[in-house]
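Dear colleague,

Please find the structure below, handed over for your review.

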Amino acid sequence: MKDPRTFCARNLAFLIYRWLVAGFFVTGVISCIYFYFWRGSWFIYLTNWGFVMCGITSAYSAILITFHHFTSDLWIPPSIVIKLFWACYWITIVVELTIGIIYWAAIFPFREAHHHDMDVLSGVFCVWTHVLPTIAFTFDNLLTALPARFLHFIYPIGFCIIYTVFTIMYFFLGGLDAYGRPYIYLILDYDKPLRAAASIILSYILVILLSSLQYGVYRLRICWARKYFNSR
């Protein structure tokens, strides 16, 4: 029989890990809003929607693990709480990977002149919002016992549909980006509807592909876990 002190130590280590991740992303969201509020324009960007999801999901997870740690092993959260976390987690893990790929492939190389001279602070937040979430949550997908299903791509697709509707409404209501342009992203300039529609459709396809990739990471984790426990 395993030493119960080892079991408790592992639980404590995981609890600390969860709160470190939550603190990292919640601090990132708050500080990013503080430095780049842009009279509210911070909230129009998909990057920042995804970053907020990082903060929400990591804090949500830390709170659930804290309740589990300090209550009986028989404690089970209400079904709606688990399902909501499940949805938030899969939205975050897939949308952040999608944001990173689209940003570095389709947005970063075509920045306008006022974006090219990036200071140190902007560089830090660029990495914080477009690189670190994917690394952190993909690692988390390998580490945790959270189950996944192939059809979970409906959650990030739903999230992206909500954002698409928002961008359309924002455009037709005359909204401007942080630099006074009549679109949020150049690839979502609805004055060029065919290009915008193609960008949206390709993005949705990418979301489904990347959700499948993260599902593959989950299956790899299950395979490793079975080999590890069968060998003990």
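Helix α3 supplies six residues to the lining of the largest cavity, the largest share; helices here are DSSP runs of H or I with at least four residues, numbered from the N terminus. At least two lining residues each come from α2, α3, α7 and α8. A cavity is a set of points, on a 1 Å grid over the protein atoms alone, where a 1.4 Å probe fits but cannot get out, and its lining residues have an atom within 4 Å of a point. This is a predicted model, in which local features need pLDDT of at least 70 and side-chain atom pairs count only at pLDDT 80 or more, while totals for chains, interfaces and linings use all residues. Residues are numbered from 1 along each chain as its sequence is written, and side-chain values use heavy atoms, with hydrogens and water left out.

The largest cavity holds about 300 Å³ of space, a volume being the space filled by probe spheres set on the grid points, which are joined across faces, edges and corners. Its lining comprises 22 residues, of which L46, I102, Y163, L188 and S203 are the closest to the centre. By class, this lining has 15 nonpolar, seven polar and no charged residues (Ala, Val, Leu, Ile, Met, Phe, Trp, Tyr, Cys and Pro count as nonpolar, Asp, Glu, Lys and Arg as charged, and the others, Gly among them, as polar).

In total, the structure holds three cavities of 30 Å³ or more. The lining of the second largest cavity has six nonpolar, three polar and two charged residues.

As to packing, the largest nonpolar core has 44 residues, and F51 and Y185 touch the most other members. Such a core is a set of buried Ala, Val, Leu, Ile, Met, Phe, Trp, Tyr and Cys residues joined through side-chain atoms within 4.5 Å, where buried means under 20% relative accessible area, exposed over 50% and partly exposed in between (1.4 Å probe, protein chains only). Helix α3 gives the largest share of this core, 10 residues. Leaving aside residues up to four places away in sequence, Y185 touches Y45, L46, T47, I107 and Y163 (contact means heavy atoms within 4.5 Å).

Finally, W19 lies in helix α1 and is partly exposed, with a relative accessible area of 43%.

With kind regards

Methods: 1 Å grid on protein atoms, 1.4 Å probe; cavity = no way out; pocket = protein on both sides within 12 Å on 5 of 7 lines; lining within 4 Å.
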